[in-house]
Structure formats: structure tokens, C-alpha cells
Amino acid sequence: MIPQAKHTQELFSIIIQHNSVQEIRETIKMFMDSMKDTTLNTLLMKDNEYQTCQHEYLRAYECYQNDNFSSAQRDTVDHMLAQQEECHLEYVTNAYFAGLIDSYRMIKSMES
């Protein structure tokens, strides 16, 4: 784990390399995403509801893999699942970002 001061220094050096707000936002998003993965995976491993849901998903996926779909049907379902996963990853990243922003705002409001 990287100490907080090093995180801050690393993030600042990354941000100043970029010119546009969008580039800065994407850089921060990638930086936070890498931090989130460690924390989130630890929490998910301990979350019984998530583990149950994941187990049910894997059972459903196994049934899907064993069913006799045509190639076109399988391509359609695979494309749908890939798009859903991509949207979910973006949602999780933004939800994590929102949580950090809200946490910062809450701490700041307590200081007043």
C-alpha cells in the first residue's frame, strides 16, 4: 500500500501532465479505480449477499454455456452481457467517485 503523501504526490504529478479537464478527469478516474479495486475486492469477499449473488450468476452462466443456442443467438447474448458489464464497470467507478466526493463534503461540513 502506498502512503497517503506518496498517493497525493503521484496524483498531482499525473494531473499536471494533462491539459484538458476531460484528460484530468480520466486520469483521476483511473487512479481511483486502481485504489478502489483493492478495497472493493476485500469488501466483496466478506459480503455474504454478494457471494450468494455471484454464485447464482455463475450457476446461470453455466446453464447458458450448456444450452444449445445458435451461433447468432449466442453472439447476441454475449454482446448484451459484454455491454452490461461495461456499463456496470463505469457505474461502479462513478459510484466510488461520488462516494469519495460526498465523504469529502461531509467531512468539510463537519468542520464548520
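The model is predicted.

**The helix**

Helix α3 spans residues 48-66, 19 residues in total. From first C-alpha to last it reaches 27 Å, close to the 27 Å expected at 1.5 Å a residue. D47 caps its N-terminal end. There, a side-chain oxygen of D47 lies 2.9 Å from the backbone nitrogen of E49.

**Aromatic pairs**

The structure holds three aromatic pairs. Among them is the stacked pair of Y57 and Y61, with 6.0 Å centre to centre and 25° between the planes. Both residues lie in α3, four residues apart, about one turn of the helix. Residues three or four places apart point the same way, because an α-helix has 3.6 residues a turn. Y64 and F69 form a tilted pair, at 5.3 Å centre to centre and 45° between the planes. Y57, Y61, Y64 and F69 form one aromatic cluster.

**Accessibility**

How do the cluster members sit relative to the surface?

| Residue | Relative accessibility | Class |
|---|---|---|
| Y57 | 42% | partly exposed |
| Y61 | 32% | partly exposed |
| Y64 | 9% | buried |
| F69 | 33% | partly exposed |

Y64 counts as buried because its 9% falls under the 20% cut-off. F69, at 33%, is partly exposed.

**Surface patch**

Which residues form a nonpolar patch on the surface? They are Y57, L58 and Y61, with about 280 Å² of accessible area together.

Conventions: Residues are numbered from 1 along each chain as its sequence is written. This is a predicted model: local features need pLDDT of at least 70, side-chain atom pairs count only at pLDDT 80 or more; totals for chains, interfaces and linings use all residues. Side-chain values use heavy atoms; hydrogens and water are left out. Helices (H or I, at least four residues) and strands (E, at least two) are DSSP runs, numbered from the N terminus. The expected span of a helix is 1.5 Å times one less than its number of residues. A polar contact is a pair of N or O atoms within 3.5 Å; within protein, one must be able to donate a hydrogen and the other to accept it, and residues adjacent in sequence count only if both atoms are side-chain atoms. Patches are made of residues with over 30% relative accessible area and no salt bridge: like charges are joined within 9 Å, nonpolar side chains (Val, Leu, Ile, Met, Phe, Trp, Tyr) within 5 Å. Accessible areas come from the Shrake-Rupley method with a 1.4 Å probe; for residues, only the protein chains shown count as cover. A salt bridge is a side-chain nitrogen of Lys or Arg within 4 Å of a carboxyl oxygen of Asp or Glu. Rings of Phe, Tyr and Trp (its six-membered ring) pair if their centres lie within 6.5 Å; planes under 30 degrees apart count as stacked, over 60 as edge-to-face and the rest as tilted. Buried means under 20% relative accessible area, exposed over 50%, partly exposed in between (1.4 Å probe, protein chains only).
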